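Let's take a walk through a protein model together. Keep the picture beside you and look up each residue as we reach it.

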Amino acid sequence: MEEIINKVATSALEVFDLEDHYPKGVRAQIDISQWLLEGFLLKEKDFREQLRNHDWAQYQDQFVAINCSTDAIVPAWASILVTIQVAPYAKKIVDGTIEDLDASLYEELLAKVDYSVYANKAVIIKGCSKKPVPMRAYLIVAHNLQGLARSIMYGEACSAVPLYKAKK
């Protein structure tokens with residue numbers, strides 16, 4: 001019986017796995033609507049009072065996204081005031097959803113990656129992940145690899161979709 005050889009493992013393909021760059025840390029969502037009258041009306045005095053009474057220490061060393069889940073029209077200063085309250089505790093704060101937060105974290109981390117190691121190589125941007133990888137992270141990697149890599153594919157080695165091939 002012939003030995004089974006993993007041709008993918010012995011190939012010259014380089015895999016860029018965004019999970020390897022996943023920003024570790026607890027994420028939290030702060031929904032401003034919890035402090036609005038019936039989730040829609042901001043009464044400044046009541047809003048400020050609720051913020052004063054909120055346990056901000058629960059966000060210690062967390063990544064925080066601030067948004068309003070209702071269709072309320074919230075003045076800009078409300079989000080800024082929430083930011084000021086949580087800032088002494090949080091590692092990072094963004095306006096938006098947890099996905100926006102993850103995208104922002106990835107932007108910071110991917111800006112520090114040395115892409116030159118992928119120069120003139122066939123690269124697969126791994127598509128399947130167990131962690132939430134925002135689409136923006138894939139776009140950043142593809143943009144940074146283009147012009148360096150000989151080719152860029154997306155997916156898994158056994159079923160990669162070609163995206164880019166350098167001109168000879």
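First, some ground rules. This is a predicted model, so local features need pLDDT of at least 70 and side-chain atom pairs count only at pLDDT 80 or more, while totals for chains, interfaces and linings use all residues. Residues are numbered from 1 along each chain as its sequence is written, and side-chain values use heavy atoms, with hydrogens and water left out.

Let's start with the rings. The structure holds eight aromatic pairs. Rings of Phe, Tyr and Trp (its six-membered ring) pair if their centres lie within 6.5 Å; planes under 30 degrees apart count as stacked, over 60 as edge-to-face and the rest as tilted. Helices here are DSSP runs of H or I with at least four residues, strands are runs of E with at least two, and both are numbered from the N terminus. Both Y22 and Y106 are buried (buried means under 20% relative accessible area, exposed over 50%, partly exposed in between, using a 1.4 Å probe and protein chains only).

Now find Y138 and Y154, another edge-to-face pair, at 5.8 Å centre to centre and 80 degrees between the planes. Y138 belongs to helix α4 and Y154 to strand β6 (residues 151–155), so the pair ties together parts 16 residues apart in sequence. Y138 is buried at 10% relative accessible area, but Y154 is partly exposed at 33%. There's also an aromatic cluster made of W35, F47, W56, Y59 and W77.

Stay with helix α4 (residues 135–145), which also holds N144. N144 is partly exposed, with a relative accessible area of 26%. What does N144 touch, not counting residues up to four places away in sequence? The answer is L110 and Y115, where touching, or contact, means heavy atoms within 4.5 Å. The side chains of N144 and Y115 are joined by a polar contact of 3.3 Å. That term means a pair of N or O atoms within 3.5 Å; within protein, one must be able to donate a hydrogen and the other to accept it, and residues adjacent in sequence count only if both atoms are side-chain atoms.

Last stop: K92, in strand β4 (residues 92–95). K92 counts as buried, at 17% relative accessibility. Its side chain makes a polar contact of 3.2 Å with that of S104.
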